[in-house]
Amino acid sequence: MAKHWVTTELENLGARHAHIARAVEKHGVPAFRTRAPGFRTLASLIIQQQVSVGAARSINQKFDSLLPGADAEAVLAAPEPDLRAVGLSAQKVAYIRDLAQHVADGRLDIATLKKLDDAEITAQLTCVKGIGRWTAENYMIFALQRRNVWPAHDLALQEGMRKLKKLAERPDAKLMDVLGARYAPHRSAAALFGWHFHEGNR
């Protein structure tokens with residue numbers, strides 16, 4: 001069986017960075033769960049913002065029960081009280097509806113994102129209210145499987161890097177960008193391992 005790209009890229013990183021090699025030997029390669037490209041994954045990433053994993057899972061399940069196979073048109077047709085009833089805040093309802101409106105009127109063509117470079121994808125997605133760098137980067141890693149993405153603003157990744165690099169304090173986004181540059185062109189694999197390392201060292 002061919003090696004998964006995350007395994008191969010972590011091996012490449014380990015050959016260049018001894019701290020990565022030691023940590024992978026001890027903690028193993030992280031599982032990589034892909035997500036289907038499309039509207040529903042972007043909506044799910046908006047739901048995940050600033051809530052616990054458990055809360056996001058519960059809201060997503062209720063959202064799917066309300067709107068099975070939800071697309072932009074279904075979201076725009078759904079009454080706001082119904083969307084609020086699944087656990088969405090008024091702000092997140094507005095964000096998901098703005099995403100749906102961008103898709104419905106053609107301002108955002110999700111299917112063509114895979115043809116763009118990372119900067120162009122980020123620019124397209126961040127035109128939607130509620131989608132910032134974090135959401136765009138997670139979409140690129142998990143839905144598009146882009147190989148050189150580094151979510152420098154992600155707090156869990158910052159904590160993972162603090163532990164991995166044995167830093168006195170959690171690095172801010174500016175320092176994270178500096179640290180991440182050393183892992184190019186394999187920054188997505190490095191990010192996946194950073195999250196994995198954080199979870200394994202709570």
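Which helices do the buried residues of α10 pack against? In this predicted model, they pack against α2 (18–27), α11 (173–181) and α12 (187–200).

The protein has twelve helices and zero strands. The C-alpha trace spans about 55 × 40 × 35 Å along its principal axes.

Contacts also reach across the sequence. Take those between residues at least 6 apart: 63% of them join residues at least 24 apart. Of the 202 residues, 45% are buried.

The protein exposes about 10300 Å². Carbon and sulfur atoms supply 53% of that area. There are 28 positive and 21 negative charges, and their mean positions lie 6 Å apart.

Back to α10, which covers residues 155–164. Seven of its ten residues are buried, under 20% relative accessible area. The helix is therefore largely enclosed by the rest of the structure. The buried set holds Leu157, Met161 and Leu164, along with Gly160. Gln158, Glu159 and Lys163 are buried too.

Both ends of α10 have a local feature. At its start, a side-chain oxygen of aspartate 154 comes to within 3.0 Å of the backbone nitrogen of alanine 156. After the helix comes lysine 166, with a positive phi near 55°.

How values were computed: Residues are numbered from 1 along each chain as its sequence is written. This is a predicted model: local features need pLDDT of at least 70, side-chain atom pairs count only at pLDDT 80 or more; totals for chains, interfaces and linings use all residues. Side-chain values use heavy atoms; hydrogens and water are left out. Buried means under 20% relative accessible area, exposed over 50%, partly exposed in between (1.4 Å probe, protein chains only). Helices (H or I, at least four residues) and strands (E, at least two) are DSSP runs, numbered from the N terminus. Contact means heavy atoms within 4.5 Å. A polar contact is a pair of N or O atoms within 3.5 Å; within protein, one must be able to donate a hydrogen and the other to accept it, and residues adjacent in sequence count only if both atoms are side-chain atoms. Accessible areas come from the Shrake-Rupley method with a 1.4 Å probe; for residues, only the protein chains shown count as cover. Lys and Arg count as positive and Asp and Glu as negative; His and the chain ends are not counted. The place of a charge is taken as NZ of Lys, CZ of Arg, CG of Asp or CD of Glu.
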